[in-house]
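Subject: Structure handover

Hello,

Here is the structure I said I would pass on.

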Amino acid sequence: MDLNNFEKYSLSVGLISITISKTGITFSKTAITRLNKPRYIEILINYDDKEIAILPTDKKTEGAAPFFNPDKKNITARLNYKDLLVTLSSMMEWDLTDGSFKVIGKYDADNNALIFDLKTAVTS
């Protein structure tokens, strides 16, 4: 059997998800793994459909945000940008002072991106 059209699939427990709280956005291990643990990401916002896309990038890209640190033992990533939190909470009319919101995402293989539909968020 010819395996040339197959790609390696990285296994991870859990779902692709983010948790948005007043202190930042935390990414699940599966989300980080699905993007192949990039050091930097860029964030795209679809204001009309209330979605965000996370794409791996490099340090040279304008607006690139540090994401995964390969020097750390644990697979973790967190964004602590207050302006981003204010933008998302305003767009969604969320009050982040007393709660947080979890959003399950999906991996878009064609664009190597994670897509999160913020309208599907649940309080956590």
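Predicted model: local features only at pLDDT ≥ 70, side-chain atom pairs only at ≥ 80, totals over all residues.

Residues are numbered from 1 along each chain as its sequence is written, and side-chain values use heavy atoms, with hydrogens and water left out.

Thr30 lies in helix H1, residues 29-34 (helices are DSSP runs of H or I with at least four residues, strands are runs of E with at least two, and both are numbered from the N terminus). With a relative accessible area of 4%, Thr30 is buried (under 20%; exposed is over 50%, partly exposed in between, with a 1.4 Å probe and protein chains only). Apart from neighbours within four places in sequence, Thr30 is in contact (heavy atoms within 4.5 Å) with Ser12, Val13, Gly14, Leu15 and Ile16.

Strands S3 (residues 40-46) and S4 (residues 51-57) run antiparallel and are joined by seven bridges (two strands pair if DSSP finds at least two bridges between them). Glu42 has Leu55 in S4 as its bridge partner. Four residues separate the strands in this hairpin, where Lys50 takes a positive phi near 55°. S4 also pairs with S8 (residues 113-117), antiparallel and over four bridges; there Ile52 stands opposite Phe116.

Met1 is in the segment before strand S1 (17-21) and is exposed, at 89% relative accessible area.

Regards
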